[in-house]
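Here is a short briefing on cores and salt bridges. Please view the structure first.

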Amino acid sequence: MNVTLWIVRGPLAFAFIAVGTMKLFAYEKFKARSEKKGPTGITRGLAASIGVAEVAGGIGIVLPMATNIAPSVSMWAAVGLSTIMLLAIGFHVRRHESPVAPGILFLRAVFVLFGRFSR
């Protein structure tokens, strides 16, 4: 189970760090990509807040387990990331967009959460 958690956790962390970094440092590119179907109403401040949470969650889901320092932080990072993705699913459904990408990330975060919680 530990190997499976690492296989799921690595790409999950990479995805959140990549997308969060884009929201933090390339807001104009993020805005252009997200407003293809019309204005989203996501301000620079909101995007930065979400970006910080995603980068922190991406780091928090891997680093504590890799260093074996406060490994319970990994579980809490998975809680935070799954919450962010649940809200993202609602956002995409409201905009009549496909919720598949945030849905997959949500399921992976929940898998890591229950994998860590069951130990």
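Buried means under 20% relative accessible area, and exposed means over 50%. Arg95, at 15% relative accessibility, therefore counts as buried. The model is predicted. Its salt bridges number 3, and its largest nonpolar core has 15 residues.

**Salt bridges**

- Arg95 pairs with Glu97, with 3.1 Å between the closest N and O atoms. Glu97 is buried too, at 18% relative accessible area.
- Lys23 and Glu54 join their side chains in a salt bridge of 3.0 Å, N to O. Lys23 belongs to helix α1 and Glu54 to helix α3 (residues 44-67), so this pair ties together parts 31 residues apart in sequence.
- Lys23 is buried at 11% relative accessibility. Glu54 is buried with a relative accessible area of 2%.
- Arg44 bridges to Glu28, with the closest N and O atoms 2.9 Å apart. Arg44 sits in helix α3 and Glu28 in helix α2 (residues 27-34), so the link spans 16 residues in sequence.
- Arg44 is partly exposed, at 48% relative accessibility.

**Nonpolar cores**

- Residues with the most contacts inside the largest core include Leu12, Phe16, Ile61 and Met85.
- Two or more residues of this core come from each of α1 (2-25), α4 (72-94) and α5 (100-117). Helix α4 gives the largest share, 7 residues.
- Beyond its neighbours within four places in sequence, Phe16 is in contact with Glu54, Val55, Gly58, Leu81, Met85 and Leu105.
- A second, separate core has 5 residues, among them Met22, Tyr27, Ile42 and Ala47.

Definitions and conventions: Residues are numbered from 1 along each chain as its sequence is written. This is a predicted model: local features need pLDDT of at least 70, side-chain atom pairs count only at pLDDT 80 or more; totals for chains, interfaces and linings use all residues. Side-chain values use heavy atoms; hydrogens and water are left out. A nonpolar core is a set of buried Ala, Val, Leu, Ile, Met, Phe, Trp, Tyr and Cys residues joined through side-chain atoms within 4.5 Å. Buried means under 20% relative accessible area, exposed over 50%, partly exposed in between (1.4 Å probe, protein chains only). Helices (H or I, at least four residues) and strands (E, at least two) are DSSP runs, numbered from the N terminus. Contact means heavy atoms within 4.5 Å. A salt bridge is a side-chain nitrogen of Lys or Arg within 4 Å of a carboxyl oxygen of Asp or Glu.
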